[in-house]
Amino acid sequence: MEKGLISVDRWSDHSQAYFLTHLHSDHTHGLSSSWTKGPLFCSRLTAKLFPFRFPNFELSLLRILDIGSWHSFVLVSPSSGSETTVDVMAIDAHHCPGAVMYLFRGDFGCMLFTGDFRWEATDGRAKIGRTMLLNALERDRVNILYLDNTYCNPSFSFPSREAASQQVVDIIASHPKHDIIIGIDTLGKEDLLLYISRSLKVKIWVWPERLQTMHLLGFNDIFTTKTSLTRVRAVPRYSFSINTLEGLNKVRPTIGIMPSGLPWVVKPSEVNDNPVSSSISNHSGNRLRINGGPCTEINKKGKLRSVVRFHQYIYSVPYSDHCCFPELEDFIKLVQPVNIKGIVSSSFCYIEPLYYFGRLYGVETSSQRLPHKSEWRDKDKNIGAKTKSNSGSSNLTHAGKRKRKIDFLGIHLRRVSVARRAQCGAKIVENDSP
């Protein structure tokens, strides 16, 4: 596609049409209430949440794309001045409320931008999405797939979000005399909180701004800002830390649960003489043993599911809203693209998806190798964030040059921020065409 036509999740570029996949901050960097560069396309739910995130934004710029329908618009070639028609379809990404992927079709061929997404093998919404995508493609082949490569590493294999939600419920049920805090973002993990509430028949505390979001999403009875009504609290990630947990435990017994696919920097706790129970009872009454390391349960398919205690007050549960490696592989087989580009261009373990998936379709691959999880776990905790400059060259950010130390479970340099600090969007340009 010619330069200057379309940008996805990039807001500093000069394009004629802009597309927003979802409202997480790493995809809205450069977008503000005063942004007026051009028409902004998004899903209907994202448009509903948009004014809350960007007050005083010029809402006349928003263009709503209904999921599963083709939409056509006309752009002008910057080089020739001639008009060109672009068709686009939004497809449910099942990442967070309002998240979509975009399928583009035009004279340039066919391109698919996933944004952040998770399509689990047995999930109903994912099945609908797969059928919708295949029907939309018809006999066309995706020339370029812009892929969510957050967990593009064979080391990452997660349980389903439903299974991980049950793990969280089991932890809470096994600590009936403890307060519970769960670290979440300003958007996302709603399904987890609903699962907890319904399974344990409890309300869940959220902070006031989060309650407003819940009401916009139609959840009016389950969440509260009154701490006296529940012992289960969902708190912002930036307030979830070892210091916070240690302080709370001086007042009353409290455990923290961090639902995330990312591994943490420090090693699992090896102490057993602590106030937290060393085992978890699931709802069926089975005991899942924890001895300062992974708590494992074999599911019906024989796969291992892990809960890890990294501190005497903190459990990490592999609940992820991004595809893990096997799911990415299934997605590549479904789409069968001509070329693949990762949308996460910098991380502590970055590699282009072609390294793993290019062999499936004979695409020339790079000789780069991604460190195995055991390798980067042993590395120093001081890391830099590599980003691309506007000219396309790679530079180390100031934070990277100083190699600031990661604050475990803190907001400033938590792993997810470091891994996704680089530009996650794509300005679709001419040399991207195969």
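## Basis and overall composition

In this predicted model, local features require pLDDT of at least 70 and side-chain atom pairs count only at pLDDT 80 or more, whereas totals for chains, interfaces and linings use all residues. Residues are numbered from 1 along each chain as its sequence is written, and side-chain values use heavy atoms, with hydrogens and water left out.

The protein chain has 11 helices and 23 strands; helices (H or I, at least four residues) and strands (E, at least two) are DSSP runs numbered from the N terminus. Of the 434 residues in the protein chain, 55% are buried, where buried means under 20% relative accessible area, exposed over 50%, and partly exposed in between (1.4 Å probe, protein chains only). Among contacts in the protein chain with a separation of 6 or more, 65% come from residues 24 or more positions apart; a contact means heavy atoms within 4.5 Å.

## Aromatic pairs

The structure holds 23 aromatic pairs. Rings of Phe, Tyr and Trp (its six-membered ring) pair if their centres lie within 6.5 Å; planes under 30 degrees apart count as stacked, over 60 as edge-to-face and the rest as tilted. Tyr18 and Trp35 form an edge-to-face pair, with 4.9 Å centre to centre and 90° between the planes. This pair links distant parts of the chain, 17 residues apart: Tyr18 lies in strand 2 (residues 17–19), and Trp35 in the loop between strand 2 and strand 3 (40–43).

Tyr18 counts as buried because its relative accessibility is 1%, and Trp35 counts as buried at 5%. Both belong to a cluster in which ring pairs link Trp11, Tyr18, Trp35, Phe50, Phe54 and Phe57.

## Helix 2

Helix 2 (residues 124–137) has 14 residues, which at 1.5 Å a residue should span 20 Å; its end C-alpha atoms are 20 Å apart, in agreement. The expected span is 1.5 Å times one less than the number of residues. At the start of helix 2, a side-chain oxygen of Asp123 reaches to within 3.0 Å of the backbone nitrogen of Arg125. Just after helix 2, Glu138 takes a positive phi of about 50°.

The buried residues of helix 2 are Ala126, Gly129, Leu133, Ala136 and Leu137. They lie on the same side of helix 2, because they cover an arc of only 95° around the axis; the arc is that of the directions from the helix axis to the C-beta atoms. Their packing partners are strand 5 (70–76), strand 6 (83–92), strand 7 (100–106), strand 8 (109–113) and helix 7 (325–335). The face turned away from the buried side carries the exposed residues Ile128 and Asn135.

## Strand 8 and its partners

Four of the five residues of strand 8 are buried, so this strand is largely enclosed by the rest of the structure. Strand 7 and strand 8 run antiparallel and are joined by five bridges; two strands pair if DSSP finds at least two bridges between them. A hairpin connects strand 7 to strand 8 through two residues, and Cys110 in strand 8 is the bridge partner of Arg105.

Strand 8 also pairs with strand 9 (residues 144–147), in the parallel sense, over three bridges. Here Met111 stands opposite Ile144 in strand 9.

## Helix 5

In helix 5 (residues 208–216), Arg210, Leu211, Thr213 and Met214 are buried. They cover an arc of only 160° around the axis, which puts them on the same side of helix 5. The buried residues of helix 5 pack against helix 1 (44–53), strand 10 (179–184), helix 4 (190–200) and strand 12 (223–224). Helix 5 is followed by Gly218, whose phi is positive, near 95°.

How values were computed. A polar contact is a pair of N or O atoms within 3.5 Å; within protein, one must be able to donate a hydrogen and the other to accept it, and residues adjacent in sequence count only if both atoms are side-chain atoms.
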